[in-house]
Amino acid sequence: KTGAFKPAHIGQLRLYLKWLNQFERKDGEEEPIGIILCPEANRHTIELMDMEKEGIAVAEYWTKLPPKEQFEHKIQEIMEEARERLERRKVMGKSTGQKQIQYFIEPNDDDED
């Protein structure tokens with residue numbers, strides 16, 4: 001994308017992923033994943049949308065490197081946000097009582113077609 005991330009981009013990508021999954025996926029392949037690249041994205045909005053379960057991620061790109069001080073500040077900011085997200089996941093994982101769902105079931109040797 002050439003502009004800032006918008007939640008509407010997710011709907012478009014979901015359609016593409018479903019199409020790929022239904023019409024292009026070969027036997028033995030994992031489900032497709034999608035990455036939305038854009039020059040600007042609000043990390044809090046992205047986190048609220050909880051797209052990881054669907055195999056969707058958002059990443060920012062730069063068309064040119066900023067001045068060194070700004071670049072260092074941005075890297076520090078990204079690191080702090082990543083640490084905060086990891087901590088929230090740890091807390092949420094312990095407190096919500098969510099179960100992990102196993103999506104793929106391995107056949108037993110006893111199973112017949």
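**Charged pairs and the space beside them**

Modeller: K53 is exposed because its relative accessibility is 65%, where exposed means over 50% relative accessible area, buried under 20%, and partly exposed in between (1.4 Å probe, protein chains only). The model is predicted: local features need pLDDT of at least 70, side-chain atom pairs count only at pLDDT 80 or more, and totals for chains, interfaces and linings use all residues. Residues are numbered from 1 along each chain as its sequence is written, and side-chain values use heavy atoms, with hydrogens and water left out.

The partner of K53 is D50, the closest N and O atoms of this salt bridge being 3.0 Å apart. A salt bridge here is a side-chain nitrogen of Lys or Arg within 4 Å of a carboxyl oxygen of Asp or Glu. D50 has a relative accessible area of 36% and is therefore partly exposed. The whole structure contains 5 salt bridges.

Another of these joins R14 to E54, with 2.5 Å between the closest N and O atoms. This pair connects distant parts of the chain, since R14 belongs to helix α1 and E54 to the loop between α2 and β2 (56-60), 40 residues apart. Helices (H or I, at least four residues) and strands (E, at least two) are DSSP runs, numbered from the N terminus. R14 is partly exposed because its relative accessible area is 30%, and E54 is also partly exposed, at 36%.

The salt bridge between R88 and E47 likewise has its closest N and O atoms 2.5 Å apart. Here too distant parts of the chain are linked: R88 lies in helix α3 and E47 in helix α2, 41 residues apart. At 31% relative accessibility R88 is partly exposed, and E47, at 29%, is partly exposed as well.

R88 and E47 both belong to the lining of the largest cavity, together with R43, H44, E81, E84 and R85. The elements that supply two or more residues to this lining are α2 and α3, and α3 gives the most, with 4 residues. On a 1 Å grid over the protein atoms alone, a cavity is a set of points where a 1.4 Å probe fits but cannot get out; a pocket is an open set with protein on both sides within 12 Å along at least five of seven lines, and lining residues have an atom within 4 Å of a point. The count is 1 cavity of 30 Å³ or more, and the volume of the largest cavity is about 40 Å³. A volume is the space filled by probe spheres set on the points, which are joined across faces, edges and corners. The lining of this cavity has 6 charged residues, 1 polar and no nonpolar. In this classification Ala, Val, Leu, Ile, Met, Phe, Trp, Tyr, Cys and Pro are nonpolar, Asp, Glu, Lys and Arg are charged, and the others, Gly among them, are polar.

R43, H44, E81 and R85 are among the residues that line the second largest pocket, and each of these residues is also named in the lining of the largest cavity. The second largest pocket holds about 270 Å³ of space. Its lining also includes A41, E60, Y61, W62, K74, E77, I78 and A82. Both α2 (43-49) and α3 (68-95) supply at least two lining residues, with α3 giving the most, 6 residues. By class, 5 of the lining residues are nonpolar, 1 is polar and 6 are charged.

The aromatic side chains complete this picture. The structure holds 2 aromatic pairs. The ring centres of W19 and F23 are 5.6 Å apart and the planes meet at 45°, so this pair is tilted. Rings of Phe, Tyr and Trp (its six-membered ring) pair if their centres lie within 6.5 Å; planes under 30 degrees apart count as stacked, over 60 as edge-to-face and the rest as tilted. W19 and F23 both lie in helix α1, 4 residues apart, about one turn of the helix. The other pair involves W62 from the pocket lining: W62 and F71 are edge-to-face, at 5.4 Å centre to centre with 70° between the planes. W62 is partly exposed because its relative accessible area is 35%, and F71, at 30% relative accessibility, is partly exposed too.
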